[in-house]
Amino acid sequence: MNTDLTRQDAVRDAAASGIPAALADLGTLVRIPSVAFPGFDATEVQRSAEAVKALVDDLGLFDSVEIRRAGIAGTDEIGHPAVLATRAARNGRPTILLYAHHDVQPVGDEALWESSPFEPTVRDGRLYGRGAADDKAGVMAHVAALRALKEALGPDFDLGVALFIEGEEEAGSRSFAQFLSENADALRADVIVVADSGNWDARTPALTVSLRGNTRFTLRVRTLEHASHSGMFGGAVPDAMMATVTLLATLWDEDGAVAVEGLTERDAETPAYDEVTLRDEAGLPDGVSPIGRGSILSRIWNKPSITVTGIDAPSVANASNTLSPEVSVVISARVAPGQPAREAYAAIEAHLRARAPFGAELAFSDQDYGDAFLVDTSGAAVARALEAMHEAYGVEPVEIGVGGSIPFIADLVREFPAAQILVTGVEDPHARAHSPNESLHLETFRNAVLAEALLLEKLDAESAGA
């Protein structure tokens, strides 16, 4: 009898039979509006952590399951609650750390949602709801894979497991580094799976091997001591909106490519990806052209980008015939792999200060930094993960870059330099994470659960360091 084949078949059967319960539990999590941003109800994030802890307790696999918090460096604040569970390895087996986050993005304009954002709704093979994909599906992929492993192998398998479900990733992971430092012994692992990325498409699995970094800050532009009548002084006095628009326009060239000296690019090959696919996946209308130069994926994976993500100025409803004295904007920049985020921020700040129009006063605040990440693909865990994906999806997996950022991975690398880090996910290009009508492709979720369960079985079958 082929014991390995029997184990894998048992894992397959257990993973498939567990999907209905996993989706029901995912629906329960989606109903909790666990937004960790300032100004939102923090008790909902606590309620979400308690719901995750209950799911982990029910597994009956861990030596310890706790809700923990850590302080935020440089402040008197305490971070949002995370769930931490640990199970010691036995008989020379490795330990795997499974990461996901239970907090979610704000809803935005609820009128743009086709169904209530916190009422999970199934339409056309997709589960809609805030957090349905990012990242409560990642939480449930871990839970469902562990359930399958327990059912297939029994509760006494030898693989060591640490489970870390963070509660503030969308809000910047401000206590993450401190949490790692305080819980380093519990979190230390041979392999780390970060289930917070995506796949090539709904059918093709992917392992993320590069991520851009990011820096985010608030810029205030001031030109007047107080608002003034636009008829009395317009044409002679610069208003803050005029100065802001003029200044921001210098960040890009005529092609829409970033025009900031000191921001670097990475030179790396990218797979074929055409404009038709870009339009479909991004929702780019026919009359609107893409921006930048070079291959489309090189623009997304390997070059910097700058986006104005928010603005404080008089609203349309409250517009009056006055010159605005000041305007504030939030600027978010993605940083090419290979460049430190703080270096990129310094280049952008220097660019803006050098180009302040009409002597406008500039003030910079709320700076945030996250470094880029490149995966070392030579480790055995990468090979095991790609094998598991192929077996689960029935399609050869691809190694991809991602234009987004997971800043805390740099903290993981710093704290656990010997660990092999695998960045996986349950999203597909139509998941619309962070946007209205976020959704999870159900078939992708089924395959992702099986892929992770098969990876756990493979790691349980080999010695640590193999």
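Two strands are taken to pair if DSSP finds at least two bridges between them, and the strands themselves (E, at least two residues), like the helices (H or I, at least four residues), are DSSP runs numbered from the N terminus. The structure described here is a predicted model, in which local features need pLDDT of at least 70 and side-chain atom pairs count only at pLDDT 80 or more, whereas totals for chains, interfaces and linings use all residues. Residues are numbered from 1 along each chain as its sequence is written, and side-chain values use heavy atoms, with hydrogens and water left out.

By this criterion, strand 9 is joined to strand 13 by 10 bridges, the two running antiparallel, and N214 stands opposite R334 in strand 13. Strand 9 is also joined to strand 14 by 8 bridges, again in the antiparallel sense, with Y369 of strand 14 as the bridge partner of T215. These strands belong to an open sheet of 4 strands in the order 11-13-9-14, with antiparallel pairing. Strand 11 (305–312) and strand 14 (361–370) each have a single partner strand, so one side of each is left without a neighbour in the sheet. Neighbouring strands of this sheet are turned by 20 degrees against each other on average, direction ignored, where axes are lines fitted to C-alpha atoms, for helices over the stretch in contact, and angles run from 0 to 180 degrees between N-to-C directions. Between strand 11 and strand 13 (residues 326–335), which run antiparallel, there are 7 bridges, and D312 has S328 as its bridge partner in strand 13.

Helix 11 (residues 341–354) touches strand 9, strand 11, strand 13 and strand 14, and its direction makes about 165 degrees with that of strand 14. Helix 8 (residues 240–248) lies across strand 9 (213–222), strand 11, strand 13 and strand 14, running at about 15 degrees to strand 13. Strand 9 is mostly covered, with 7 of its 10 residues buried; buried means under 20% relative accessible area, exposed over 50%, and partly exposed in between (1.4 Å probe, protein chains only).

Another open sheet is formed by 3 strands in the order 4-5-18, with antiparallel pairing. Its edge strands, each pairing on one side only, are strand 4 (121–123) and strand 18 (439–441), and neighbouring strands are turned by 25 degrees against each other on average, direction ignored. Strand 4 and strand 5 (residues 126–128) pair over 3 bridges in the antiparallel sense, and T121 stands opposite Y128 in strand 5. Helix 14 (residues 442–460) lies across strand 4, strand 5 and strand 18, and runs at about 65 degrees to strand 18.

A nonpolar core is a set of buried Ala, Val, Leu, Ile, Met, Phe, Trp, Tyr and Cys residues joined through side-chain atoms within 4.5 Å. The largest such core has 63 residues, of which V56, F62, I96, L422 and F445 touch the most other members, and helix 14 gives the most to this core, with 11 residues. A second, separate core of 27 residues includes A162, F176, F179 and V194. Leaving aside neighbours within four places in sequence, the contacts of L422 include V191, V194, A381 and L455.

Grid points are joined across faces, edges and corners, and a volume is the space filled by probe spheres set on the points. The count comes to 2 cavities of 30 Å³ or more, and about 160 Å³ of space lies in the largest cavity. Of the 15 residues that line the largest cavity, M389, T424, A448, A451 and E452 lie nearest its centre, and the elements giving two or more residues to this lining are helix 12 (380–393), strand 17 and helix 14. The second largest pocket holds about 210 Å³ of space and is lined by 14 residues, with D376, P417, A419, Q420 and I421 nearest its centre.

Methods:
Contact = heavy atoms within 4.5 Å. 1 Å grid on protein atoms, 1.4 Å probe; cavity = no way out; pocket = protein on both sides within 12 Å on 5 of 7 lines; lining within 4 Å.
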